[in-house]
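Hi everyone, thanks for making the time.

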Amino acid sequence: MNATEEFAPAVRSILDAAARRPVPDDRVSVDGASLSNALAAADADGRVPLIAEVKPTSPTTEGTHTEDPVDLARAMVDGGATALSVLTEPEHFGGSVENLERVREAVDVPVLRKDFLLEPGHLDAVEADAALVIARFVDDVGEMVTAARERGFEPLVEVHSETELETALDAGATLVGVNNRDLASLTVDLGTFERVAPRAPDDVTLVAESGISTPADVRRMREAGADGLLVGSAIMAGEPRRSTEELVYA
Ligand SMILES: O=C(O)c1ccccc1NCC(=O)[C@H](O)[C@H](O)COP(=O)(O)O
């Protein structure tokens, strides 16, 4: 991992909390549904392949959404979401492994575990279909990609720069998220995806993450090559079914 001094204080706090998390004794083994196949199927159906995020709060969100995560998840799926992302980080995002378990039980779409996983043992806290691996935060991306696949998760490797993209590809990632949010400063710039995406080979499934809030943003990311979009705040801020629909049929 890069020196943590370069990150915003909120991100340093997230990483400190993640490092303190206990590692479960038993290894998870799951027969996860393929997130990348689901994104491709939605695209073939003429829908925007959208991963809607159950995100109760965050360091850049005011207040906390207290609705039942299962109600939110069902509304997002009814609105046309191809897959869901569920925050499991408790201290800064109001998430939990219980939220993920309940949501995955209630819906019939792939569910991504959204958390700050620093070592293979952190993957063992809960079953999911896919797990986020943030290239900037792990010492060995290849080790995390292998560990995720060994457990049956599809790894979504998140990058923010061309260099991190190279690291992800060298690690064998086939599903890559380009985060428009700079985790050093927490600023969002959709130009990040536009800059990084052209460097990825065609056979990699590319997800544009963060800062997407309008149908125009959706079209912009799709034109830049996004095979999928990950949207949290904009959906949580509105009525979740309607705000999902607005983006899925952009
Ligand atoms: O969202 C934050 O405030 C945040 C702060 C610090 C580290 C990570 C953060 N977000 C993680 C995410 O990746 C987003 O939840 C996800 O991409 C959705 O973004 P958005 O649609 O902008 O809510």
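This is a predicted model: local features need pLDDT of at least 70, side-chain atom pairs count only at pLDDT 80 or more; totals for chains, interfaces and linings use all residues.

Let's begin with helix H3, which covers residues 69–78. Which of its residues are buried? They are Pro69, Val70, Leu72, Ala73, Ala75 and Met76.

Now look at the ends of H3. The N-terminal end is capped by Asp68, which places a side-chain oxygen 2.8 Å from the backbone nitrogen of Val70. After the helix comes Gly80, with a positive phi near 105°.

Next, the packing partner H5. Two packed helices are described by the angle between their axes and the distance between the axes. For H3 and H5, the axes come within 9 Å and cross at roughly 40°, so the two helices are oblique to each other. The crossing is right-handed. On the H3 side, the contact is made by Pro69, Val70, Ala73 and Arg74, and H5 brings Asn99, Arg102, Val103 and Ala106.

Finally, Ser210, in the loop between strand S7 (205–209) and helix H9 (215–223). Is Ser210 buried or exposed? Its relative accessible area is 13%, so Ser210 is buried. Its side chain makes a polar contact of 3.1 Å with the side chain of Arg181. Leaving aside neighbours within four places in sequence, Ser210 also has contacts with residues including Asn179, Val188 and Leu230.

Thanks, all, and I'm happy to take questions.

Note on methods: Residues are numbered from 1 along each chain as its sequence is written. Side-chain values use heavy atoms; hydrogens and water are left out. Buried means under 20% relative accessible area, exposed over 50%, partly exposed in between (1.4 Å probe, protein chains only). Helices (H or I, at least four residues) and strands (E, at least two) are DSSP runs, numbered from the N terminus. A polar contact is a pair of N or O atoms within 3.5 Å; within protein, one must be able to donate a hydrogen and the other to accept it, and residues adjacent in sequence count only if both atoms are side-chain atoms. Axes are lines fitted to C-alpha atoms, for helices over the stretch in contact, and angles run from 0 to 180 degrees between N-to-C directions. Angles under 35 degrees count as roughly parallel, over 145 as roughly antiparallel, 65 to 115 as roughly perpendicular and the rest as oblique. A crossing is left-handed if the near helix is turned anticlockwise from the far one by less than a right angle, and right-handed if clockwise. Contact means heavy atoms within 4.5 Å.
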